[in-house]
Amino acid sequence: MKRIWLLLLLGIVAFAPLSPPWAGAGEGGSSSGSDEVLQNPATYQREADEPGVLSILSRPEGARVFVDGEEKGTTPLYVRDLSEGEHEVILYLPGKGAFRQTVEGPGGRIFVDLDEEAGIGIGLVAVTTEPADARVEVDGKPVGLAPLEIPLQAGRHVIRAAKQGFQPAEAAVEVAAGAAVQEIAFTLAPEDGALLVVSSPDGGQVFVDDEPRGTAQGPLRVDPVTPGVHRVRVELEGYRPWERDDVVVDNGRTTTVIAALMPVRNDSSVRLYTDPPGARVWLDGKEIGRAGADGLGFRATKGLHRLRLAFDPAERPGYTPLEVTVQFRDDVEDFRDRPLRIPPVDENYANAQKLIERGQIEEALGFLGRVPPDHPSFARARAQMVDLLARTGRIREIPPVLAELVARPETGRNPALNLALGYWCWQAARQADPGEAVALLRQGAEALERAVATPELLPAAQRQRLLLKAYYYLGVTSERLFQETGEARFIQKGAQAWQVFFARLEQAPDAMAPEWVDRARRHRRNLEYLATKLGG
């Protein structure tokens with residue numbers, strides 16, 4: 001309970017004697033024709049006799065009632081559900097002043113003749129804050145969350161507003177008894193955040209938004225950093241610069257950034273062999289030769305690469321092109337004892353292609369589903385299943401198919417694949433019952449977070465557009481998860497997603513169609529509204 005008055009008025013207010021509501025009528029009293037209490041004492045008696053009901057009446061009616069500092073309504077008023085113990089009741093009527101009573105327990109009767117009794121010197125102060133729901137203190141005592149109206153004893157008071165992530169503000173106010181409501185509005189400035197940058201190896205020079213902020217000999221704390229989206233770059237001689245342009249810093253919080261630097265000269269000497277030999281070889285989309293009996297030699301930077309191996313069908317039919325991601329770690333990589341095996345065409349996959357040509361989609365799906373997980377055609381078969389299921393409107397069957405691909409080590413980190421899983425989980429959830437929808441949305445949110453974690457693996461030409469779509473669906477998925485579960489963490493996840501989305505959109509304003517941008521703005525406003533309803 002808000003106990004605003006107890007400390008402010010204790011010891012300075014004289015208790016008025018409690019008079020029964022009918023005291024003014026009858027012997028020696030006067031009666032107001034508009035006073036319902038005096039006209040209908042039986043009605044008052046029935047309400048007042050209810051157990052656990054505090055009856056509060058006044059003459060004239062319409063006085064504002066505060067119980068333990070919380071406004072309850074205007075007289076006549078019947079307050080239920082009060083706890084045991086002492087309660088403080090304040091009646092306030094402009095032009096008449098304020099009147100104080102105390103009651104014991106959850107029930108009882110109060111009647112105050114505002115025309116006869118002398119009021120105490122009170123004025124009303126209305127406090128608002130931007131953002132809302134800041135904690136409000138009066139003279140060092142907490143009184144509640146803004147916006148709120150508080151009755152204060154006439155005189156000088158100090159009002160303070162504070163909210164996590166924002167700088168507190170305070171103001172001195174002179175309260176006049178019986179005056180009009182005095183309005184106090186605070187605009188709280190965001191509190192700065194910080195970055196904790198870890199360079200591997202040590203010694204990296206740290207730049208935030210192109211401004212040098214120090215050397216990371218061990219973890220480097222960069223403080224202060226304004227809330228928002230920032231670009232962080234780490235440079236070290238002999239290593240490639242590390243950079244991210246979507247680092248989010250929240251009000252009053254520290255964001256950790258780990259920069260793993262790669263050496264500038266980082267080549268491997270590769271000797272590639274295939275089984276059977278003679279396959280044509282593509283490295284990262286560029287054909288580099290044939291792996292004959294003596295293999296194929298080439299140099300490549302250490303790290304992940306995409307290899308495609310295929311035979312010319314006219315020269316050597318019956319084999320499925322093989323596409324794999326390989327990682328070169330050592331100075332010399334020799335595949336003589338571990339040749340890349342090019343598999344024969346899987347019979348199930350081949351039969352499915354013939355059925356698709358004849359329009360027998362259901363039968364084709366059956367054959368595609370029987371392609372073994374260890375066969376190189378497995379990923380291609382699952383991708384074709386997704387396409388066929390989407391074309392036939394069987395949306396809810398798509399997420400399990402994509403989940404099989406995401407579960408595989410060689411494809412699980414693929415951001416485009418995770419984006420596809422997040423998108424189809426969102427679509428399937430729209431057709432599912434609430435319980436299944438939550439499971440699908442959680443699965444989709446996890447996939448979308450994996451998608452935005454490795455943007456460098458997306459095709460360079462489509463990177464901005466695909467990242468914007470990933471953040472878009474992460475935003476709408478988080479909003480729906482909060483609506484379904486009420487978990488506040490999804491509000492924060494959604495807010496961060498929209499923050500990065502619009503920051504990236506400023507860098508590439510033509511990457512998204514206007515209708516997508518309009519929908520994104522509507523979703524962001526809705527999320528901000530939900531955050532306000534939640535309390536911050």
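Predicted model: local features only at pLDDT ≥ 70, side-chain atom pairs only at ≥ 80, totals over all residues.

Visitor: In which sense do S22 and S29 pair, and over how many bridges?

Guide: Strand S22, residues 267-272, runs parallel to S29, and the pair is joined over three bridges.

Visitor: What is the strand order in that open sheet?

Guide: The order is S26-S22-S29, three strands with mixed pairing. S26 (296-301) and S29 (332-334) each have a single partner strand, so they stand at the edges with one side left without a neighbour in the sheet. From one strand to the next, the twist averages 20°.

Visitor: Changing topic: which residues have the most contacts inside the largest nonpolar core?

Guide: Those are Tyr 472, Trp 498 and Phe 501, in a core of 68 residues. Helix H10 (residues 463-485) gives the largest share of this core, with 11 residues.

Visitor: And what does Phe 501 touch, not counting residues up to four places away in sequence?

Guide: Phe 501 touches Leu 468, Tyr 471, Tyr 472, Met 512 and Ala 520. Another core lies apart from the largest one; it has 19 residues, including Tyr 273, Leu 322, Phe 335 and Leu 340.

Visitor: Zooming out, how many helices and strands does the protein chain have?

Guide: The protein chain has 12 helices and 30 strands. Of its 536 residues, 44% count as buried.

Visitor: And how much accessible surface does the chain have?

Guide: About 26,900 Å², and 49% of that belongs to carbon and sulfur atoms.

Terms used. Residues numbered from 1 in each chain as written. Heavy atoms only, no water. Pairing = 2+ DSSP bridges. Helix = DSSP H or I, 4+ residues; strand = E, 2+ residues; numbered from the N terminus. Axes fitted to C-alpha atoms, helices over the stretch in contact; angles between N-to-C directions. Core = buried A, V, L, I, M, F, W, Y, C linked by side-chain atoms within 4.5 Å. Buried < 20%, exposed > 50% of the residue type's maximum accessible area, 1.4 Å probe, protein only. Contact = heavy atoms within 4.5 Å. Areas by Shrake-Rupley, 256 points an atom, 1.4 Å probe, with all protein chains shown as cover.
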